Amino acid sequence: MEQILSTTYLWLKAGHIIFVIFWMAGLFMLPRYFVYHQESEPGSAEELRWIDREAKLRKIILTPAMILAWVLGILTATAIGAWGEGWLHAKLLFVLALSGYHGWLVGYAKKLARGERPLTGRKLRLLNEVPGLAIAVIVILVVVKPF
(Lines give C-alpha, C1' and ligand atoms only; values in the text may rest on other atoms or scores of the structure.)
Protein backbone atom coordinates (compact mmCIF):
# COMPACT_ATOMS: atom_id res chain seq x y z
CA MET A 1 0.00 0.00 0.00
CA GLU A 2 2.80 2.42 0.89
CA GLN A 3 4.48 1.75 -2.48
CA ILE A 4 1.27 2.72 -4.28
CA LEU A 5 0.87 5.85 -2.15
CA SER A 6 4.47 6.94 -2.70
CA THR A 7 4.18 6.57 -6.49
CA THR A 8 0.97 8.57 -6.53
CA TYR A 9 2.16 11.17 -3.99
CA LEU A 10 2.16 14.13 -6.38
CA TRP A 11 -1.35 13.28 -7.58
CA LEU A 12 -2.57 12.95 -4.00
CA LYS A 13 -0.95 16.26 -3.07
CA ALA A 14 -2.44 18.03 -6.11
CA GLY A 15 -5.90 16.64 -5.35
CA HIS A 16 -5.58 17.63 -1.71
CA ILE A 17 -4.66 21.22 -2.61
CA ILE A 18 -7.49 21.46 -5.16
CA PHE A 19 -10.14 20.32 -2.71
CA VAL A 20 -8.75 22.49 0.08
CA ILE A 21 -9.16 25.46 -2.26
CA PHE A 22 -12.77 24.46 -3.00
CA TRP A 23 -13.46 23.98 0.72
CA MET A 24 -11.94 27.34 1.64
CA ALA A 25 -13.90 29.07 -1.11
CA GLY A 26 -17.10 27.63 0.35
CA LEU A 27 -16.08 28.64 3.89
CA PHE A 28 -15.58 32.19 2.65
CA MET A 29 -18.82 32.27 0.65
CA LEU A 30 -21.30 30.79 3.11
CA PRO A 31 -21.00 33.45 5.85
CA ARG A 32 -21.33 36.12 3.15
CA TYR A 33 -24.49 34.39 1.95
CA PHE A 34 -25.72 34.50 5.55
CA VAL A 35 -25.23 38.28 5.64
CA TYR A 36 -27.32 38.73 2.50
CA HIS A 37 -29.87 36.21 3.76
CA GLN A 38 -30.29 38.11 7.04
CA GLU A 39 -30.71 41.37 5.15
CA SER A 40 -33.60 39.91 3.15
CA GLU A 41 -37.19 40.28 4.27
CA PRO A 42 -38.32 37.32 6.41
CA GLY A 43 -40.68 35.07 4.45
CA SER A 44 -39.89 36.77 1.12
CA ALA A 45 -39.06 35.08 -2.18
CA GLU A 46 -35.55 36.51 -1.82
CA GLU A 47 -35.11 34.76 1.53
CA LEU A 48 -36.21 31.46 -0.04
CA ARG A 49 -33.60 31.93 -2.78
CA TRP A 50 -30.89 32.44 -0.14
CA ILE A 51 -31.98 29.28 1.68
CA ASP A 52 -31.73 27.37 -1.61
CA ARG A 53 -28.33 28.87 -2.48
CA GLU A 54 -26.93 28.06 0.95
CA ALA A 55 -28.16 24.46 0.74
CA LYS A 56 -26.66 23.98 -2.73
CA LEU A 57 -23.34 25.47 -1.68
CA ARG A 58 -23.20 23.12 1.32
CA LYS A 59 -24.32 19.98 -0.49
CA ILE A 60 -22.57 20.42 -3.84
CA ILE A 61 -19.30 22.15 -2.92
CA LEU A 62 -18.60 22.66 0.75
CA THR A 63 -19.16 19.25 2.37
CA PRO A 64 -17.85 17.10 -0.52
CA ALA A 65 -14.74 19.29 -0.74
CA MET A 66 -14.13 18.97 3.00
CA ILE A 67 -14.45 15.19 2.87
CA LEU A 68 -12.13 14.89 -0.12
CA ALA A 69 -9.60 17.30 1.43
CA TRP A 70 -9.54 15.11 4.55
CA VAL A 71 -9.24 11.82 2.64
CA LEU A 72 -6.54 13.08 0.29
CA GLY A 73 -4.71 14.79 3.15
CA ILE A 74 -4.62 11.58 5.18
CA LEU A 75 -3.39 9.63 2.16
CA THR A 76 -0.74 12.29 1.44
CA ALA A 77 0.50 12.28 5.04
CA THR A 78 0.68 8.48 4.89
CA ALA A 79 2.55 8.57 1.56
CA ILE A 80 5.30 10.77 2.99
CA GLY A 81 5.35 9.15 6.43
CA ALA A 82 4.55 12.41 8.21
CA TRP A 83 2.48 11.03 11.08
CA GLY A 84 5.28 11.55 13.60
CA GLU A 85 5.92 15.17 12.57
CA GLY A 86 4.98 17.98 14.95
CA TRP A 87 3.98 20.34 12.15
CA LEU A 88 1.41 17.78 10.94
CA HIS A 89 -0.09 17.43 14.41
CA ALA A 90 -0.43 21.22 14.64
CA LYS A 91 -1.91 21.35 11.14
CA LEU A 92 -4.45 18.67 12.06
CA LEU A 93 -5.47 20.71 15.09
CA PHE A 94 -6.27 23.69 12.84
CA VAL A 95 -7.99 21.47 10.26
CA LEU A 96 -10.14 19.98 13.03
CA ALA A 97 -11.03 23.52 14.13
CA LEU A 98 -11.97 24.43 10.55
CA SER A 99 -14.08 21.27 10.36
CA GLY A 100 -15.85 22.35 13.54
CA TYR A 101 -16.38 25.81 12.04
CA HIS A 102 -17.81 24.10 8.96
CA GLY A 103 -20.23 22.18 11.17
CA TRP A 104 -21.22 25.36 12.99
CA LEU A 105 -21.93 27.05 9.63
CA VAL A 106 -24.16 24.14 8.61
CA GLY A 107 -26.06 24.47 11.88
CA TYR A 108 -26.40 28.23 11.46
CA ALA A 109 -27.77 27.75 7.94
CA LYS A 110 -30.45 25.50 9.37
CA LYS A 111 -31.34 28.14 11.97
CA LEU A 112 -31.65 30.76 9.24
CA ALA A 113 -33.87 28.43 7.21
CA ARG A 114 -36.17 28.16 10.26
CA GLY A 115 -36.34 31.95 10.49
CA GLU A 116 -33.95 32.35 13.40
CA ARG A 117 -31.39 35.16 13.08
CA PRO A 118 -29.27 35.04 16.25
CA LEU A 119 -26.19 36.89 14.93
CA THR A 120 -25.83 40.36 13.47
CA GLY A 121 -24.44 40.98 10.00
CA ARG A 122 -21.35 42.52 11.63
CA LYS A 123 -20.65 39.34 13.63
CA LEU A 124 -21.10 37.24 10.50
CA ARG A 125 -18.67 39.48 8.62
CA LEU A 126 -16.13 39.00 11.42
CA LEU A 127 -16.66 35.24 11.38
CA ASN A 128 -15.89 35.35 7.67
CA GLU A 129 -12.23 35.99 8.64
CA VAL A 130 -11.85 32.71 10.56
CA PRO A 131 -10.92 30.50 7.58
CA GLY A 132 -8.43 33.05 6.27
CA LEU A 133 -6.54 33.16 9.54
CA ALA A 134 -6.61 29.38 9.91
CA ILE A 135 -5.42 28.70 6.36
CA ALA A 136 -2.54 31.19 6.80
CA VAL A 137 -1.32 29.23 9.84
CA ILE A 138 -1.83 25.91 8.07
CA VAL A 139 0.17 26.98 5.01
CA ILE A 140 3.02 28.21 7.22
CA LEU A 141 3.02 24.90 9.11
CA VAL A 142 3.12 22.86 5.89
CA VAL A 143 5.65 24.96 3.98
CA VAL A 144 7.99 26.11 6.77
CA LYS A 145 7.58 23.01 9.00
CA PRO A 146 8.71 24.95 12.10
CA PHE A 147 8.73 21.80 14.25
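**Entry 1**

Is Asp52 buried, exposed or partly exposed? I looked it up, and Asp52 counts as partly exposed at 38% relative accessibility. The cut-offs I used are under 20% relative accessible area for buried, over 50% for exposed, and partly exposed in between, with a 1.4 Å probe and protein chains only.

Before going on, I noted that this is a predicted model, where local features need pLDDT of at least 70 and side-chain atom pairs count only at pLDDT 80 or more, while totals for chains, interfaces and linings use all residues. Residues are numbered from 1 along each chain as its sequence is written, and side-chain values use heavy atoms, with hydrogens and water left out.

**Entry 2: the overall layout**

I went through the secondary structure next and found six helices and zero strands. Here helices (H or I, at least four residues) and strands (E, at least two) are DSSP runs, numbered from the N terminus. Along the sequence the pattern reads α-α-α-α-α-α. I boxed the C-alpha atoms along the principal axes and got roughly 55 × 30 × 15 Å. The chain has 147 residues, and 38% of them count as buried.

Ala79 sits in helix 3 and is buried, at a relative accessible area of 16%.

**Entry 3: salt bridges**

Side chains of opposite charge can pair when their charged atoms come close. My rule was a side-chain nitrogen of Lys or Arg within 4 Å of a carboxyl oxygen of Asp or Glu, and the count by this rule comes to four salt bridges.

- Arg125 and Glu39 meet through their side chains at 3.2 Å, N to O. This pair links distant parts of the chain, with Arg125 in helix 5 (residues 121-127) and Glu39 in helix 2, 86 residues apart. Arg125 is partly exposed at 34%, whereas Glu39 is exposed at 54%.
- Arg117 forms a salt bridge with Glu47, and their closest N and O atoms are 2.8 Å apart. Arg117 lies in the loop between helix 4 (86-113) and helix 5, and Glu47 lies in helix 3, so the pair ties together parts that are 70 residues apart in sequence. Glu47 counts as buried at 7% relative accessibility, while Arg117 is partly exposed at 26%.
- Lys56 is partly exposed, with a relative accessible area of 46%.

**Entry 4: a nonpolar patch**

Which residues make the nonpolar surface patch? I found Ile17, Ile18, Ile21, Phe22, Ile60 and Ile61, which together make about 560 Å². For patches I took residues with over 30% relative accessible area and no salt bridge, joining like charges within 9 Å and nonpolar side chains (Val, Leu, Ile, Met, Phe, Trp, Tyr) within 5 Å. The areas come from the Shrake-Rupley method with a 1.4 Å probe, and for residues only the protein chains shown count as cover.

Helix 2 (9-39) and helix 3 (45-80) each supply at least two residues of the patch, and helix 2 gives the most, with four. I picked out Ile21 in helix 2, which is exposed at 51%.

**Entry 5: the largest pocket**

Rolling a probe the size of a water molecule over the atoms shows where empty space is left. I used a 1 Å grid over the protein atoms alone; a pocket is an open set of points where a 1.4 Å probe fits, with protein on both sides within 12 Å along at least five of seven lines, and lining residues have an atom within 4 Å of a point.

How much space lies in the largest pocket? I noted about 580 Å³, the volume being the space filled by probe spheres set on the points, which are joined across faces, edges and corners. Its lining has 28 residues, and His16, Ile17, Lys91, Ile138 and Val142 lie nearest the centre. Helix 2, helix 3, helix 4 and helix 6 (130-144) give two or more residues each to the lining, and helix 2 gives the most, with eight. By class I counted 22 nonpolar, three polar and three charged residues, taking Ala, Val, Leu, Ile, Met, Phe, Trp, Tyr, Cys and Pro as nonpolar, Asp, Glu, Lys and Arg as charged, and the others, Gly among them, as polar.
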